[in-house]
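Let's take a friendly walk through this structure, one region at a time.

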Amino acid sequence: MIELNPMVIFIAAIFTNNMILSNFLGMCSFVAVSKEINTSLGLGQAVTFVLAATSIINYLVYHYILVPYNLEFLRFIIFIISIAAFVQLIEMIMEKYIPNLYYALGIFLPLITVNCAILGVSLFMIIREYSFLQSFAFAVGSGIGWTMAIVALAGIRQRLKRATVPKGLEGPGITLIVTGLMAMAFIGFSGIVQIQ
Amino acid sequence: MSTILISTAALTLITAVFAVLLTIADRTIGNYGIVKLTINEEKEYNVDGGSSLLSTLNSEKIFIPSACGGKGTCGYCKVQILDGGGPILATEFPFLTQEEMDNHVRLSCQCKVKQDIKIEIPEDLFNVKEFEATVESIEVLTNTIKRLRFKLPEGEEISFKPGQYVQLKAPLYEGNDEEVYRAYSIASSPTEKEFLELIIGYIPEGIATTYVHHHLEVGSKVTINGPFGDFYYQDTDAEMIMVATGTGVAPILSLLNYMKDNDIKRKARFYFGAKTPDDLFLLDHFKELEETLFDFKFIPTLSRIKEGDTSWVGEVGRVNNAIEKLLEENENQEAYLCGNEAMIDSVVKSLTGKGVKEEKIYFDKF
C-alpha cells in the first residue's frame with residue numbers, strides 16, 4: 001500500500017490524473033451529453049455520486065469477499081454487477097423519496113451504469129492498492145474531475161455552435177479534437193502532484 | 001477444480017444477493033399501491049401504480065398512439081395531465097412546444113403513475129380498439145407497394161372516419177429485436193366494418209415494412225389498433241381536390257369508396273402523382289369510379305416520363321404543375337392531401353395561389 005495523503009490523491013484525481021483527460025475513460029457520455037452546460041452539470045453530479053457510493057461497495061466486496069477466497073480475478077464481473085445493481089436501487093429510492101433530485105438526475109442514472117469511468121475508478125483503486133480512505137478520496141476526486149471536464153467541454157461546445165466547422169468535423173469529430181486540446185492544456189497541471 | 005466451484009458459487013451468491021435486494025426494493029420502494037386514474041373528469045379507474053401512464057392506459061384498453069412502443073423516441077403519445085403528473089422530464093423536452101408545456105401536455109410513456117392522476121384525452125380515443133386481425137389477401141400493386149386486406153376477429157367491428165389511420169404492430173422477428181407500431185392509413189371504406197385494407201410500401205431496412213413485405217402471408221395474424229388521426233372526410237358541399245403520391249393514395253381511396261357507398265353527390269378531382277407509369281396503381285379501379293361516382297375525375301401525372309414517349313397520354317410533371325394547369329378557381333373548394341412533406345408543401349403553395357383557403361386544406365404528411 002502506498003503512503004499518499006488522501007487529500008493529495010483527491011487533488012491529483014481532479015487535475016493531473018483526470019479520468020477523461022488523462023485516461024480517456026467515460027468518453028461515450030462525455031461526447032454525447034456535453035451539448036449544454038446544465039445537463040452536463042447534472043450528469044457530472046450523478047457520476048460523482050455513483051462513483052463515491054460504488055467505490056465504497058466495491059472496496060468492501062473486494063477486500064472482504066473476493067480477497068479472502070482468492071477470487072480477485074472475478075473483480076471485473078462483480079464490479080459491473082454491483083454498479084448496475086446499485087444504480088437500479090438508488091434510482092428506485094430517489095424516485096420515491098427524493099423526487100426533486102430524481103427529476104434532476106434521474107434520467108442520467110441509467111446512462112451511468114455503462115460509464116466506464118465508474119468501473120475504471122473501482123479497478124484503479126484495486127490496482128494501485130489504495131486504502132479505504134484513499135479509495136474514497138480518489139473516487140470523489142475523479143467524479144469532480146469528470147464533472148469539471150464535461151462542463152468545460154459543454155461551455156466550449158455552446159460557443160462552437162456559432163463557429164463554422166468543416167462539414168466532416170461537425171459533431172463528435174470537433175468534440176474529440178477539443179478534448180485533445182483540453183487534455184494537452186491539463187498537462188500543465190502535472191507539476192502539482194503525480195500519482196500512479 | 002475447487003477454484004471453479006468456489007468462483008461459480010461466489011459469483012452466483014453475490015448476484016443472488018443483489019437480485020434479492022432489488023426484488024425486495026421493487027416490492028417495497030417501487031410499490032405505489034392502487035391509485036385513482038380519472039379521465040376527462042368522468043371515467044375513473046383504479047390502477048396499480050408504478051408503471052408508465054401509457055402502459056397503464058393500455059392495460060385499461062385505452063390506446064394512445066405511439067410508434068416507438070413507449071421508449072420516448074417518437075413523441076406521439078402526448079396526453080394532457082391535469083393533476084398528479086409531476087414535473088416535465090428532460091426526456092420529454094425535445095418533443096414539447098412551449099404552448100404544450102403551458103397546457104400540461106406530457107409524453108404518456110415517460111410519465112409514471114405514482115399518485116392519483118387526472119388526465120384529459122380526446123373523446124375519440126375511447127373508440128380506439130386493438131384487434132388480432134388475419135391477413136385475408138395480399139395484392140402486389142407495384143414493385144414496392146402491396147395492398148393487404150385484413151379480417152377482424154369474428155364479432156368485432158371497427159368504426160372510423162374515411163381518411164383516418166391505424167397502427168400495425170411489427171413484432172420481433174429474425175433481424176429485428178424491437179417491437180414497434182407504425183401508422184398506416186386505412187384504404188377501405190368505413191362501410192366495411194369487419195375488414196381493413198392497408199396500402200404499404202417497402203422501405204429498405206424499415207422494421208415494419210420489412211415485416212409486412214417479407215414475413216406476412218395469407219393467414220398470418222397481426223395486431224392492429226386504431227383508428228387515429230384528424231385527417232378525415234369533411235361533411236360539406238365543397239368541391240373536393242384530392243392529391244396523393246405513393247402510398248398516400250390509401251386514405252383517398254377510403255374517401256372515394258365512402259362517397260360511392262353512400263352515393264354522395266360532390267364534385268371531386270383526384271391528382272395522383274408518380275414518377276413513371278410503373279409507379280401508378282389501381283388505375284382500373286379509379287376509371288371505374290369515374291363512371292360510378294357523381295362527378296369524379298382521375299388525373300394521373302408523371303414526373304419522369306421519357307422524352308418522346310407517346311404511350312403516355314396523361315399529365316406530365318409534378319402534381320403541383322397539373323393543379324396549376326387544370327384547377328379552376330372557385331370559392332367553395334376543399335383539399336385533401338396525403339404524401340411526403342415536399343409534395344404537400346409545394347401543393348399547399350399552388351392551392352393557396354389558386355385561392356383555396358388554407359384552413360380548407362387538410363393533409364396527412366409522412
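This is a predicted model: local features need pLDDT of at least 70, side-chain atom pairs count only at pLDDT 80 or more; totals for chains, interfaces and linings use all residues.

## Where H3 meets H7 in chain A

From H3(A), the residues A:Val47, A:Val50, A:Leu51, A:Thr54, A:Ser55, A:Asn58, A:Tyr59 and A:Tyr62 meet a set in H7(A) made up of A:Ala117, A:Ile118, A:Val121, A:Ser122, A:Met125 and A:Ile126. Sorted by class, the contact of H3(A) with H7(A) has 10 nonpolar residues, four polar ones and no charged ones.

How are the two helices arranged? H3(A) and helix H7 (residues 116–127) of chain A pack at an angle of about 40°, and their axes are 9 Å apart. Because of that angle, H3(A) counts as oblique to H7(A). The crossing of H3(A) and H7(A) is right-handed.

## Where H1 meets H8 in chain A

Another pair to pick out is helix H1 (residues 6–14) of chain A with helix H8 (residues 132–160) of chain A, which pack at an angle of about 25° with axes 7 Å apart. H1(A) is therefore roughly parallel to H8(A). H1(A) passes H8(A) in a right-handed crossing.

On the H1(A) side, the contact is made by A:Pro6, A:Met7, A:Ile9, A:Phe10, A:Ile11, A:Ala13 and A:Ile14. The residues that H8(A) brings include A:Leu133, A:Ala137, A:Phe138, A:Gly141, A:Ile144 and A:Met148. By class, the contact of H1(A) with H8(A) has 13 nonpolar, four polar and no charged residues.

## The two chains side by side

What secondary structure does chain A have? Chain A has nine helices and zero strands. In chain B there are eight helices and 17 strands.

Chain A has 196 residues, of which 41% count as buried; chain B has 366 residues, of which 36% count as buried. In chain A, among contacts between residues at least 6 apart in sequence, 82% join residues at least 24 apart. For chain B, residues 24 or more positions apart account for 69% of the contacts with a separation of 6 or more.

## Where chain A touches chain B

How many residues of each chain are in contact with the other? Here 18 residues of chain A are in contact with 18 residues of chain B. On the chain A side, helix H3 (37–66), helix H4 (75–97) and helix H5 (99–105) each supply at least two residues. The largest share of that side, 10 residues, comes from H4(A). The residues of the side of chain A that touches chain B divide into 14 nonpolar, three polar and one charged.

## Two nonpolar cores

The largest nonpolar core has 85 residues, and those with the most contacts inside it are B:Leu198, B:Met242, B:Val243, B:Ile252, B:Phe270 and B:Tyr271. Helix H5 (residues 249–261) of chain B gives the largest share of this core, seven residues. Leaving aside neighbours within four places in sequence, B:Tyr271 is in contact with B:Met242, B:Val243, B:Ile299, B:Thr301, B:Val319, B:Ala322 and B:Ile323. A second, separate core has 53 residues, including A:Phe30, A:Val47, A:Ile118 and A:Met125.

B:Val249 is also worth a click, and is found in helix H5 of chain B. Is B:Val249 buried or exposed? B:Val249 has 28 other C-beta atoms within 10 Å, so this residue counts as buried. Not counting residues up to four places away in sequence, B:Val249 touches B:Ile199, B:Ala244 and B:Phe272. B:Val249 and B:Phe281 are 32 residues apart in sequence and 9.3 Å apart in space, C-alpha to C-alpha.

## Backbone details in chain B

Most residues other than glycine have a negative phi, and most peptide bonds are trans. Against that background, a cis peptide bond joins B:Gly226 and B:Pro227, with omega about 0°. B:Pro227 sits in strand S11 (residues 221–228) of chain B.

B:Glu205 is not a glycine, but has a positive phi of about 65°. B:Glu205 lies in the loop between strand S10 (195–201) and helix H4 (207–215) of chain B, and is exposed, with 8 other C-beta atoms within 10 Å. B:Asp263 is not a glycine either and has a positive phi of about 55°. B:Asp263 lies in the loop between H5 and strand S13 (267–274) of chain B; with 9 other C-beta atoms within 10 Å, B:Asp263 is exposed.

Terms used. Residues are numbered from 1 along each chain as its sequence is written. Chains are lettered from A and ligands numbered from 1 in the order in which they are written. Helices (H or I, at least four residues) and strands (E, at least two) are DSSP runs, numbered from the N terminus. A residue is buried if 20 or more other C-beta atoms lie within 10 Å of its own, exposed if 12 or fewer, and partly exposed in between; C-beta atoms are placed from the backbone. Two residues are in contact if their C-beta atoms, placed from the backbone, lie within 7 Å. Ala, Val, Leu, Ile, Met, Phe, Trp, Tyr, Cys and Pro count as nonpolar, Asp, Glu, Lys and Arg as charged, and the others, Gly among them, as polar. A nonpolar core is a set of buried Ala, Val, Leu, Ile, Met, Phe, Trp, Tyr and Cys residues joined through C-beta atoms within 7 Å. Axes are lines fitted to C-alpha atoms, for helices over the stretch in contact, and angles run from 0 to 180 degrees between N-to-C directions. Angles under 35 degrees count as roughly parallel, over 145 as roughly antiparallel, 65 to 115 as roughly perpendicular and the rest as oblique. A crossing is left-handed if the near helix is turned anticlockwise from the far one by less than a right angle, and right-handed if clockwise.
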